[in-house]
Amino acid sequence: MLIMQFKQFKQHYVIIAGLIFISSIFTDIAFSDDSEKQALTIDLSTFFRAARKVISDNQSLINDATKGDKGLSGEVVIYQAKQNYQSATKSEFAEPDDTQGGRCRKAILEAVDEVMIQAQPLINEQGKGFKGFLPAVFAAKVAEIFSKKMTNTAFIKLTAPKNYVRNRKNRPDTWEHNVLESKFKKANWSKGQSFSERGTHKGRPGFRFILPEYYGQSCLACHGQPKGERDITGGKKEGGVLGELGGGISVVIYD
Ligand code: HEC
């Protein structure tokens with residue numbers, strides 16, 4: 001009797017040990033997959049910012065009423081974006097290939113190109129000063145085109161705390177809202193630190209990432225004080241202050 005029990009115990013032990021072993025293999029697979037996804041979210045958000053910086057650095061050219069053709073084709077913006085990417089990361093933006101990451105890189109390059117093609121008549125209009133082709137406007141368009149091209153694979157978006165959102169398309173979803181409010185706005189959150197975890201987006205499971213962005217001096221002309229006063233775009237200033245959390249870049253890589 002005692003021997004029987006011991007045998008059963010041994011069998012159970014072997015089965016349990018086997019299960020632990022198998023599940024650890026699966027966890028490892030899931031984990032390595034997530035670290036690839038994490039690297040991809042970082043890469044895409046870095047390029048997205050690098051491209052937006054081109055539009056930011058060229059604001060006075062874009063708004064120069066004396067000039068017609070500004071020479072800011074998709075090709076030129078992509079070239080400068082890759083340079084910004086390289087100075088931010090010390091490495092080259094990898095060429096698109098047939099991997100998931102490669103397809104995402106192709107889609108974001110195409111999105112930048114398409115936004116710039118569409119913008120040519122606006123930015124090349126001679127005699128017109130301020131054109132409203134702002135970094136955030138460019139970013140929202142690139143995000144929309146990228147996310148459409150990569151439906152069910154990847155998604156990118158520029159968002160902001162709920163009370164600061166101007167473009168309704170940029171409103172944070174529940175997950176983004178929670179991270180912005182209960183992590184990024186906390187005094188002990190280390191400034192600039194991104195947050196990522198697995199979660200769902202529009203009902204689909206995937207890997208989620210969000211990078212905080214803060215108001216610098218140049219942002220306050222439009223997003224600063226006094227709250228409610230009209231800025232140059234005709235929009236209402238948010239009443240933000242220097243260094244305050246102004247937004248976030250959110251990226252999803254679906255399973
Ligand atoms: C010339 C005015 C102006 C300046 C300067 C400016 N913004 Fe904006 N910002 C806007 C407008 C207008 C929008 C809405 C864009 C749209 O319609 O998509 C916007 C949108 C945003 C958004 C997206 C969320 C939303 O409200 O739709 C973020 C984040 C943002 N700005 C952050 C910044 C930061 C950070 C800076 C400084 C680096 C900055 N902005 C500088 C006018 C400005």
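**Close-up 1. Strands S2 and S3 pair as an antiparallel hairpin.** Seven bridges link strand S2 (residues 195-201) with strand S3 (residues 204-214); two strands count as paired if DSSP finds at least two bridges between them. Helices (H or I, at least four residues) and strands (E, at least two) are DSSP runs, numbered from the N terminus. Look for Gly-199, which stands opposite Gly-206 in S3. Two residues separate the strands of this hairpin, and Lys-202 in the turn has a positive phi of about 50°. This is a predicted model, where local features need pLDDT of at least 70 and side-chain atom pairs count only at pLDDT 80 or more, while totals for chains, interfaces and linings use all residues. Residues are numbered from 1 along each chain as its sequence is written, and side-chain values use heavy atoms, with hydrogens and water left out.

**Close-up 2. The ligand lies between two domains.** Domain 1 (43-150) and domain 2 (151-255) both give residues to the shell around the ligand, so the ligand lies between them; the domain bounds come from an automatic or database domain assignment. The shell holds 20 residues, each with a heavy atom within 4 Å of the ligand. Among the closest are Cys-219 and Cys-222. By type, the shell divides into eleven nonpolar, eight polar and one charged. Here Ala, Val, Leu, Ile, Met, Phe, Trp, Tyr, Cys and Pro count as nonpolar, Asp, Glu, Lys and Arg as charged, and the others, Gly among them, as polar.

**Close-up 3. A cis peptide bond joins Gln-225 and Pro-226.** Its omega is about -5°, and Pro-226 is found in the loop between H7 and S4.
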